[in-house]
Each structure stands twice: as structure tokens, then as C-alpha cells.
Amino acid sequence: ADVVPSKAEVDEGDAPPSKADVVPSKAEVDEGDVVPSKAEVDQAGTSPFCQFRANRFRFDDNLKVPPITQWLNNLPTNDHRGRFKQKHIDALSAKISSRVRECQTENEESCKQRLLQAVELHHAKESCQPPPKTLELIKNLPFVKLHDEHIFVILLYSAELYEDYLEKDPVKNCDHQIYRSFNTVCREYGQCEYGPIPKELHAEWELFLPMAFHFNRAVRELGASQVILHRGMSFTLQAHDYPLGKKGSFGGVLSASSDRQQGVTFVHKEQQLQAHQGAFLVLMSDAARPVFQFSLFPEEMEHVHPLDLELEACNVVPESILQLLCLKIKVLVFKRVGSEPSLDLWLKAMEELSFIYDNFLSFYVPPLVKDDPQSPEIFPFMVKLEDFLRSQQRLLLVAAKSGMGKTSCALHLCRKPQRQEWEDESGWWTWLFISLPSVHEPFSRLALVQHIQANLSLGEHAADLEGLKSQCRLVLVLDSLDEVAAPGTAPEDTWWDLNDFFEWNHVKLIVTCREEHTMDYGRCMGDSPGHTLYIQPFQELQVEEYVSKRLRAVDDEADLQQGPAPTGRCSSVVPVSAKTSLQADKQSQAAERQADKDRMLAYVKAFPNRQTFSTPFKLNMAVDLMKADAPMEDITRESQLYLQWLKQKFRDRLPKDATSEQTVEQDVCKAMALAWDLHGQGIAHDKVGARAEDKEGFFRRCPLRVHDYRPDATFSFQHKSLQEYLVAAHLYQKLKVGAAETELSSINLFDDFPVLRFFGDIHMGNASGSSEQQQQWAAINEQLLVNVRASRNQSEKGLCASNCMSLLNAANVSLAGQDFHGVHIPRANLQGAELCSANFEGANLQAADIRGARLDWAKLKGTDMSDVLASELIKTLEGHTSDVTAVAMGPDGKTIVSGSEDRTVRVWNSTTGELIKTLEGHTSEVTAVAVGPDGKTIVSGSRDKTVRVWNSTT
């Protein structure tokens, strides 16, 4: 496993570089080329990673070079660029020599004690405790006694500044760091194309060759450790820089920190940037060498890699997850070329990277669920999940209405791949999140298995896939089934059969889907899908918890944008006065946050439709608007909430010198067009494509879930309901100008309930608005009715007419008494429509939905009503001797209470229809009834001017 070839291997033809021969022979290129060919490079782009020639740094142990101390002392004389002054080099050499002597006096106990103290001091400045994993890493650090020269060269590299880093102008000093010059020449030399080496580069390589030789030998003597390393990069990365599966190296000495806090800080800071402006590098490496034992900055937990290390770009965090998390960063992961893929290493990396979920889940509130939507019993989701894991059931379906946090719930489960709270005698479960819209043809054979292979970088490694099959108890969390187009023909096989899951040790599936779409996907989940849990709307305490967490997250984001306090190498101990001021600021912030919470909860309780804020997403929108000082009192409808939130997002993302409301309005119109484009194709996810070239910047301002803006990246709106609102708003805008016929003839709104609901909310808002808005409301109603009547004897206009009828009904427009004879409105959604005395003679209502519609005295002679969906009469309850004036259902769903003009209140069993009790006492007709939350108390009101309270059991 040694990264340096043996002498025999060298003798066989792998000639190492020397001062006399810095260019490899053609034989070496042909024999040891780990870099792609020119055609491959052209295809992948000019990636330095892929072009780097690691084999140029495989030195012969017998290479004649001066000792490192002699080389350093002669550096100013030999440096043809005159960068290094002798007095500075002498001071650096003395400083390092003194540190070498200190290292040689240390034993394992004193060394580790020093490291612990350095780490604790570093975190004390941050007012936090060192992470347990950092302390564990120090405890398990293999203590190594190195030769003086090896310690010297490691210190020379890690010292970094040959002048004190606390000088007034450290940036100027950084330009003259030895390590930077060393890394630069190594990178340029390793990336230089074969052929003549440029004269200046040749001279620079000759200068630094002894340091490279000594450094590689010193690093090899340190024991390799299997650690997950973090490194933030601020330079721009192009999409082709690190293509998946490509092999290469970064050049120079690849160094990174095992201090997880570095990764956390970078991700939380850089996520605000655009996708191509930040990267986060993670090294899954079993070839890392810990040098913090000798470093002047041990708190950074620095590790380095040999110059000749070859890496392979692989996958750990799927891009679909980064897209869902709205992270505008890259998570790059590498493993050592030649090392076997390790499932354990993947699990360790995912565990270490769990902090990338922190921001998204910082305001997650565990949901409450029902296992029967009609049942009054509500359970914590995690309790029911545990029941499922301990059962023999293979599939759990999690259903919910829009915005109730299905995806957050799924990501919360998979945030850590190994959840030990459900560990039993068979071990623990391994959790894997799969966004179903990211799976290619998810209902095809082996689609899920192939997706798993790709996301674990196991595509070419059958052995490790077999390990996954045989060793892991796997829970696949399949998210957003409703965002996948249902197959044209229902699949004949279940997902178990299609993916041969019966060959795996133990696999369970958890599938999330919107309630209204759970029956759209045939047998993919089996004949008996097992158990279904229905996520319930937030209760009052959940609303309070969510608002508190969301407000705290907003404050944390604001603190982050203001910039963190000085940390790391140039930090100093925070003065007492600064600490006092910081504490006062925190107290002030907490008081302000409490005031915001009270204001938010008061607004939620006063909102006309209380159910609007029973979902996390809408609460999130309201908090965002309140923190942006939006006029909340003007937002009284759900559609207004969506519109104002979208406008605020566009305002926030406009350049500081361009805050024109006209630009915001234009952006909203463009968002409507984009949503219509997606909806018209029946999709919620699409490729970025040419949209990335948008010169006006709209696409980057739009609230999308997008990880990267390269053409082949995937995007969607931040929430599916945003797309649905924008589609409804687009239709409404088109109707306002009388130009909606094309749109209404291209889609079918029959079962597009969210779009119909949003349209109805927008339209009804205008009905109660200003006189101008009311005139607009009436004009749109008339336009829709005209389109319906235009379908008489013109079946080709049936789709447009059906959609117009669905929109009228969604807006609660009464259609009573209207003349619709001969119209073609197949598959119109007329649920609960007011159709009394309407004339449908000779009309085509094929497959229309008329459940709950009032059709009293409607004319239906000659009407085609084949395949209509009509309400099913379950039971008729008879007993009252006069008109029934009021009805109420008990909280258990098993009791019905009715009041009548016959002066009685009657209690019925809703299941059997049996009359349980007749309550007599009113002296006039009963006009109102209600059932208390205990199910036993009944309240009735009557024209006898009394309200009576009854005990239904006595």
C-alpha cells in the first residue's frame, strides 16, 4: 500500500524525476498515465484536477539532495527571484529548530495534553466546547517519533509565514509564504503538459525539489489515518472541474482539517452565495497523515497528503439533497485511487456531514399523525414509526396535504444514516434518502437499485453493493411520489419485484405523497401497501414552537451575514467589556424575538381562515414577511400571502442599486410564465438548460430549489405550492385581459385541486374588494360563461369549456338558473356547485364530478351523464315530523345530532342509523345544534328564545 514504488519497481522502468531529468519519458507517459487523454480532457473540460501528473512526484529514495536545514539556509542565495531575505530565513530556521527540540522532548502523554489544551483554548475564544469527535481524534492519535529533519520540514510547511503572522500587514506577508511558493511550483509542474518544461518553471522546480523530496519522505513516516477531512474553498468552480469518477490530484500538498467546525462554519457562511461561488471539499481518504502533532496551530487538526496522492471524485451527498436543502455550495468528495470503496467509510462521511441539514431543519417540528383519517386519535409520528420498524410490514406511506412538511420529515429521518434509537438485537437501521423526482424512470426495472449505486459511488463495485445487500438493514425513504408523473399504464410489478429487494437482507420503504395522489400509482407499492399515516395540521402548541424556532433561525442568519467574530490564527482573547456588550446584545435580541413571536401569533389567530397557518410552509412565509416589515394587516387571504412573499423574495435579491417595484412586478410575471411552462408539461422539476444564460438575472432571483446553475442541473420552485399558485395567478392575469382561451385549451383542471383552490381564492378576493375589483370579478365571470356556452355543438371547445366551469365553481360563483343546454363540459369539476334550476338539456357531462352539487329542479333531459362522479347515499335517517333545520357531527364521527321544526333534538348513531335519544323541551322550532368536544354535551338554540345544554348519556 506504500505510495512510493519499491527500488525494484523503479528499476523496472518508472524513472523518478531528478535535477537532470524533470520530463518523463514517453514510455513513462504510456505506462503510468493516470491522466485522461487529450480527447478526454477536451471532453471533460480543462480541469486541473484531471490534468495533474501525480507520478512526477514519485521520488527515488537515493535522489541526491541537500539536507532540509542546509537547503533553507541557502534559499535566499539560490532564489533567482529574490523573494527571501537572509535575516528572515535565519530567524525562521532558528524558530523551527527550537520547536524541533521541544518536540523531541515530548512523550505521548505530554504531546496529547498539549494538543488538548490548544484545542480547548481555541474553542474557549468561541465560547463553546470542543466537539467530542475532536477530543476522540486526539486521544486516538498515533504518537510518532520522527527524525529531526522530518520534523523540521513538516514545521517549515505548517509554519507558513517566515515573518510573524501577527504583523500589521499579514496579507502582504502571505504573498511571500514559503509554503505558497512551494505549492504553486508543485501544482504548475504537475499540470504542465508533456514536452519541454518552460525555463522559468524548470528553474523554480529545481529550487524547491529538495523540499518536495524531504516533505514526501517525512509524510510517509506518519501513520495514515482514515478520517473525514473538511476544507473550504473560495475560488470559483466550474461544473467540469471535478467530474464524477475522474482521477487526478490537486497539485501541491493537499492539506485539510479534521476539525468539523471548519466545515460547519464554511457551509453556514457560504450557503448564501450563488451556486458557482462557493465549494465545500470533503476528503474521504485513508491516506491522510496527521501533522497537527508538530504544527504551530494544532487547533486546526491539520492533515496532509503526499504529493503523489491520486484521488477519485465520488459521490456521497446526492445533488438532489443539496437542491432540496437550497444549498448554494458544492460538496466535493474524494477517495484514494486504488482503495476499495468502503460502505463504512460512506456511513462515516454521511454521519460527519449531517451538519449540512442543520439550517433546513433548524425549525423542524415533529408532526402528529393519524392512522385513520376519520379517527379522533392522534399520535406522535416517531411513535408510529417505531411501531412500523418493529413490525413485519415492508412499506409505510406518509400522506399529507400541501405544505405540511413531508420532505422535512423525510430529511429529518435521514439526516444521520445510522439511527440508534431503534436499535434491537438485529442491530440498527441504515437510512437512505431518495428524492423520487431525481430517479430516472422510477417505475422501471432496477431503477431504485441503480440510483442507490450511483449515490454511493458503487456503480462499478459489485462487492460493496453485495455488502449493502447482505449486511445492512436498510430503510429507503422515497420522497415526493406525487411529483413523479404517474406511468401511462400502471406497473404490473411492485417496487420489491422490480428491484429484486427480496434478495436483500432487510429492506423497508417509507414513501411520502400528497393525500390526493396516493391512489394514482397502481401496484408499485403492492396490493396491500401496508400502513398509511396521515400528517395532521399543526395544533396551537406546534404553531408556537415553529414560530419560535423560525424566528431564532432568522436571527442566526442575520448574525451570520453581519460576519462572525474574529477566529482562528489571528484571533485574540475577547475583552471582558466586549463580552458584557455581547451578552447585552443577546438579551436585547431575545426580547425582540419574543415581541416578534407575540405579534406573529396574534396575527395568526386573527387571520380570517385559521387553517391557513396550520402548515409549516405558510407559517414560514408569514415570518419572512413580518421580519421584512411587510404590511401584514393588508394580507387577509392565502393568495395574498403567496404574492407578497414572492415579491419580497424578489426585492431581497435585487441588486442594491435596483429596487424598482416595476422590476419586481416583471419578475413575478416571469415567474408565472415559468410555472405555467412547467405545469403545462406536467412536471415540477426540470433542467436549468438555457435559462442559466438569463442576462437580466431573473432566474437567479427566483425562489427556486437549485444547487447549481449549469445547464444539466435540476431545479424546481422552493415549494410545489408556489408553482401551483403562480399557475392560478397566470390564468387570472390572462382572463383579466381576455386572452386565456389558449391556456384553458391546453390543460385539464378537473383534478388539479390546488390550482383551482388558489384561483378561487384570488377571484373571491376581488369579489369583496373595491368597486373596480368587483367590476373585474363580474367581467371575468361573464368571460368564463361565454367560453362555456361557446362549446354548444362544438365538441372541440369542450376542454376550454370544462376548465371554465371548474374555475367558476372553484370561485363559488352560483350557477343556479343558468342556461347550459347543449354545452360540452366533460370532466368538469362541479363538486358542491350551486346548479338549482340550471338547464343542462342535451349537454355533455361525461365523467364530470357532481358530488355534493345542488341539482334541485335542474333540467337534465337528454344530458349525457355517463361515468359521472356522484355522491353516494350512505344512509337515510328518518324520525323528525317536520323540517330539519340544523345538523352537527360528534367529535368521534359516530354520533349525529339534528334539530327540527318539530321542536325536538335527536341523537343518531351515524354507523347504523339508529335513533339513540330524542331530547324534548323546546317550545318552538330548534334552529341550531352543536356537540361539545367531550362528545357528551349537546347545545341547542330555538325560536323559543332559549339555549339548552343537554347530557346526551342521561
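Reader: Which residues of helix 26 meet helix 28 in this predicted model?
Author: In this predicted model, the partners on the side of helix 28 are Gln 723, Glu 724, Leu 726, Val 727, Ala 729, His 730, Leu 731 and Gln 733. By class, the contact of the two helices has 11 nonpolar, four polar and one charged residues. The residues that helix 26 brings to this contact are Val 668, Ala 671, Met 672, Ala 673, Ala 675, Trp 676, Leu 678 and His 679.

Reader: Is helix 26 roughly parallel or roughly perpendicular to helix 28?
Author: Two packed helices are described by the angle between their axes and the distance between the axes. The axes of helix 26 (residues 661-680) and helix 28 (residues 720-736) come within 8 Å and cross at roughly 110°. Angles of 65 to 115 degrees count as roughly perpendicular. Helix 26 is therefore, relative to helix 28, roughly perpendicular.

Reader: Does Lys 384 count as buried or exposed?
Author: Lys 384 belongs to helix 17, which spans residues 381-389. Apart from neighbours within four places in sequence, Lys 384 is in contact with Val 369, Asp 371, Phe 379 and Leu 533. Because its relative accessibility is 15%, Lys 384 counts as buried.

Reader: Which residue of strand 6 is the bridge partner of Lys 247?
Author: Strand 2 (residues 247-248) pairs with strand 6 in the antiparallel sense over two bridges. Within strand 6 (residues 311-314), Leu 311 and Ala 313 point one way, Glu 312 and Cys 314 point the other way, and all are buried. The bridge partner of Lys 247 in strand 6 is Glu 312.

Reader: What is the phi of Asp 500, and where does the residue lie?
Author: Most residues other than glycine have a negative phi. Asp 500 lies in the loop between helix 21 (495-498) and strand 14 (506-514), and it counts as buried because its relative accessibility is 15%. Although Asp 500 is not a glycine, its phi is positive, at about 55°.

Reader: What is the phi of Asp 867?
Author: Asp 867 is found in the loop between helix 32 (798-810) and strand 19 (884-889). At 65% relative accessibility, Asp 867 counts as exposed. Its phi is a positive value in a residue other than glycine, near 65°.

Reader: How many Å lie between the C-alpha atoms of Pro 376 and Pro 891?
Author: Pro 376 is placed in the loop between strand 8 (368-370) and strand 9 (379-380). Beyond neighbours within four places in sequence, its contacts are Lys 370, Pro 891 and Asp 892. Pro 376 and Pro 891 are 515 residues apart in sequence, yet their C-alpha atoms are separated in space by 6.9 Å.

Reader: Which residue of strand 24 is the bridge partner of Val 926?
Author: Strand 23 pairs with strand 24 (residues 937-942) in the antiparallel sense, over five bridges. In strand 24, the bridge partner of Val 926 is Ser 942.

Reader: What percentage of the residues of the chain count as buried?
Author: The chain holds 32 helices and 25 strands. Of the contacts with a separation of 6 or more, 69% are between residues 24 or more positions apart. Among the 954 residues of the chain, the share that count as buried is 51%.

Note on methods:
Residues numbered from 1 in each chain as written. Predicted model: local features only at pLDDT ≥ 70, side-chain atom pairs only at ≥ 80, totals over all residues. Heavy atoms only, no water. Axes fitted to C-alpha atoms, helices over the stretch in contact; angles between N-to-C directions. Helix = DSSP H or I, 4+ residues; strand = E, 2+ residues; numbered from the N terminus. Parallel < 35°, antiparallel > 145°, perpendicular 65-115°, else oblique. Contact = heavy atoms within 4.5 Å. Nonpolar A, V, L, I, M, F, W, Y, C, P; charged D, E, K, R; others polar. Buried < 20%, exposed > 50% of the residue type's maximum accessible area, 1.4 Å probe, protein only. Pairing = 2+ DSSP bridges.
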